Amino acid sequence: MAEKIIVALAGNPNVGKTSIFNAITGSKQHVGNWPGVTVEKKMGKRVHSDVEMEVVDLPGTYSLTAYSLDEIVARDFIIEEKPDIVVQVVDGTNLERNLYLTTQLMELGVKLVIALNMSDLVLSKGVHIDEAKMQEYLEVPVVSTIGSTGNGIHGLLDTIIERSSDKRVYGNTFDYEEDIEVRAEELEMILEKDPYFAHYPSRWFSLKLLEGDENILRKARGSESYPKIKNVLDNLDPDSFESRIADQRYGTIQFMLRQVCDINTSHLSGSDMVDRVVTNKYLGIPIFLSLMWAAFEVTFTFATPFMNMIDIFFAWLGEVTVSLISTDWLSSLIGEGIIAGVGSVLIFLPNILLLFFMLSIMEDSGYISRAAFIMDRVMSRIGLHGKSFIPLIMGFGCNVPAIMATRTIEDSRDRLITILVTPFISCGARLPVYVLLAGAFFGRDAGVVIFSLYALGILVALLSAKLMRGTVLRGEDAPFIMELPEYRIPTLRSGIIHMWERGKIYLKKAGGIILLGVVGVWLLASIPVPGSGGQFASGDIYGTTSSLLGAIGMLIEPLVAPLGFDWRIAVALLFGVVAKEIVVGSMGVLYGAGTNEENLAGILAAGAMSPLVGLGLMVFVLLYVPCFACIGVIKRETGSWKWTLFQLFYGTGLAWGLAFLVYQTGSRIGLLS
Amino acid sequence: MNYSYQKKEALFAALAGVLYVISGTLHIVEGLGADTGFAALLFVQADILGGFCLAVIGMVFLYGLLEMRRGIKAGMSFAYVGILLSIIFMAVYLLIMGGNLLDSFIVPGDYEGWNIMESLRPGIYLGLLSLMAAFSWKGRFSSNGISVREEV
Ligand SMILES: Nc1nc2c(ncn2[C@@H]2O[C@H](COP(=O)(O)OP(=O)(O)OP(=O)(O)O)[C@@H](O)[C@H]2O)c(=O)[nH]1
Ligand SMILES: [Mg+2]
């Protein structure tokens, strides 16, 4: 192979960068119709015409003045890593705002190619964009693409290669008013003499200094020539410079747009009409709740027949294996351990698939941004803004990407609060616990009980946020700016891909960590307490307090006894820290779901646990320590063990308190016992 | 602009609005334990949250009616979105109905004496009304979603 080049995909949020990245590299990175889907850089490879390309998908950014963490990732990659080619993906239906970034990329002097994306939508809106003129005007190659179908990707790759072998340097195309130019030149002279700045294009750097960009100023402060720079900057009014520079960029863009395309406005589009209704002051929140309920109904009720099928399969499998294997301990391991444990978890695969299908519809349609917008009023009472609501919704799927999604939140305290309360949102892994327990104890009202648990999770998250905002993490609430992307009809294909990806993760988890967990539980439940003289995996040891597990359970039982939990539940909760599904898996092992006629729900309903304890247990599982993966990501994103531990103790304390309340009041007034 | 164009929407919004609010309320009343006597006749089941959703759809229609009566043309948006929502809910109830049917084959023991009509809900047959409206107004739903010709 002759050459290797690095190609970065940059652009505003939600313009289709990841779609194009997926089309180029054949990956399946997450795509969604809302700004802020991608929050870290992702790499991929593609060979085209004998050139090896390393393609980098970046988070969206409105300008090269970075405010939030995801924007900083994008900007740093472009500036510090100096990719050979930067492809700016541009949303053709929103040229004016997108070209603002173009001006900055050009000033930066990068080798630019513009992918004029969403060209299908441009066409259907009846707008015509003259690519040739645009190319001529900007002196940058422009290629039309449709990211979601992969149209135009070939042409884009050809252009990238052509551009990368072109040695000319472009940039510096925009002229500003006289006094700005004078200052910029003064600064450029200073910068060029100082090797400290050799890394940065001096024209761009000096304009950024004039705009008063915090990040750039901080960098400049580290240099020896800073006094000279300060001298120039002290003699001007930074605010006026900033707005004048921006105005002139927009002026140039508008001038160009008038020649390049015919824009028709003043038309109430479908999106606008829907938004008038769903963001209505009175109806917005009720509509949001109704849609959540609809998604919820599908996730739980529609899944029932499929769950029953899996249940029947595992019951059959259990019988067959037990009858085939004559070695006692082996048959116990497979029947009572693996099949009962993993089977109890796999039953919930249909729920998981449907849950992620629903979330994908929500993301692809663009409604998720509206949800954030509607909730902004509620959120601002708490002292956060609507943006913090998006991670909370994502959290219904899995808390880990949800915590990552907080990177789009600019204010670091807002972000920290959001990270700390996201684990209270009930994720897909906790759902098996509810379906199991609510199904066993609440029959027809199971749906209402589960919905209430989800609501409780949100309530606890919001109240905790308010509490933190009022005490340890005080701060101002910032104005809320959020782009509302146009609605799109979600495609079945993207829903199924999403569902399939998550389904695979669930299956892998069931075959990996959950299997390991239940085998561990089985093993500990089979080993007799040293000195007791019992036999490994024998009937009078297995799953009793004479087993090692039983001994551990008895040791921690006093901690949870006030909640009505026995040692089995205590052990299940302990192992559930690894992954929440293991709570169900270990209960399957410990309550003998493998040997019994009934499945786990049947055993519990028949009296192995009281409904009141079941309710308390659901509340506890909702709020206590998040899983390992989640703890890991909290640590990484907060960068602090202190806050991670705070989350763990706070959550577990709350879980204990609420479960205590449920059990004690319930048993006092004789409810559900 | 054509006056009858608006009038049809207003009429539909009034009708659908009232029907949805009533059936939503009946669901809620049943859910609170009262027997309205409509359960057998109109397939209204005890379902507080489902009833809330139907009532919300009804309110969307009625809100649109209110705006249209006040001469705000964009009030039509509410009629269109109401139609959209009621079709979504019809789809949800149909899915559940299909799920029940499938389940009755898988675990027949749990479904003795059950027949499919027990899964019929107002959300389904009222949805038909919206579906009809959507079809007869199809011309106004462009590829960009829903569009209106007049300016606001
Ligand atoms: N109609 C149409 N839709 C597109 C096109 N390209 C992308 N999309 C859709 O636009 C939405 C945004 O796409 P993404 O690829 O996630 O955008 P992104 O730029 O990576 O977004 P962030 O990561 O949030 O900055 C998705 O719903 C895509 O399916 C296109 O050319 N035409
Ligand atoms: Mg992306």
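**Figure 1. Surroundings of S369(A) in the predicted model.** Leaving aside neighbours within four places in sequence, S369(A) is in contact (heavy atoms within 4.5 Å) with N33(A), W34(A), P35(A), M482(A), E483(A), L484(A) and P485(A). The residue belongs to helix 17 of chain A, residues 367–382. Helices (H or I, at least four residues) and strands (E, at least two) are DSSP runs, numbered from the N terminus. S369(A) counts as buried because its relative accessibility is 0%; buried means under 20% relative accessible area, exposed over 50%, and partly exposed in between, with a 1.4 Å probe and protein chains only. This is a predicted model in which local features need pLDDT of at least 70 and side-chain atom pairs count only at pLDDT 80 or more, while totals for chains, interfaces and linings use all residues. Residues are numbered from 1 along each chain as its sequence is written, chains are lettered from A and ligands numbered from 1 in the order in which they are written, and side-chain values use heavy atoms, with hydrogens and water left out.

**Figure 2. Helix 8 of chain A and the residue after it.** Helix 8 of chain A spans residues 202–211 and is mostly covered, with ten of its ten residues buried. G212(A) follows helix 8 of chain A and has a positive phi, near 75 degrees.

**Figure 3. Domain 1 and domain 3 of chain A.** An automatic or database domain assignment divides chain A into domain 1 (3–164), domain 2 (178–263) and domain 3 (284–669). The C-alpha centres of domain 1 and domain 3 of chain A are 38 Å apart. Contacts join 23 residues of domain 1 of chain A to 26 residues of domain 3 of chain A. Between these two domains of chain A about 1,900 Å² is buried, with carbon and sulfur atoms giving 53%; buried area is the accessible area (1.4 Å probe) that two parts lose on being put together, summed over both. On the side of domain 1 of chain A that touches domain 3 of chain A, helix 2 (residues 69–80) of chain A gives the most, with three residues.

**Figure 4. The interface of chain A and chain B.** Here 34 residues of chain A are in contact with 37 residues of chain B. The two chains bury about 3,000 Å² between them, and 75% of this lies on carbon and sulfur atoms. There is one salt bridge between chain A and chain B, a salt bridge being a side-chain nitrogen of Lys or Arg within 4 Å of a carboxyl oxygen of Asp or Glu. The side chains of R276(A) and E67(B) form a salt bridge at 3.0 Å, N to O. Helix 12 (270–278), helix 13 (284–301), helix 14 (304–324) and helix 22 (446–470) of chain A each supply at least two residues of the side of chain A that touches chain B. Helix 13 of chain A provides the largest share of that side, ten residues.

**Figure 5. The fold of chain B.** Chain B comprises five helices and two strands, in the order α-α-α-α-α-β-β along the sequence. Of its 152 residues, 47% count as buried. Among the contacts in chain B with a separation of 6 or more, 68% are between residues 24 or more positions apart.
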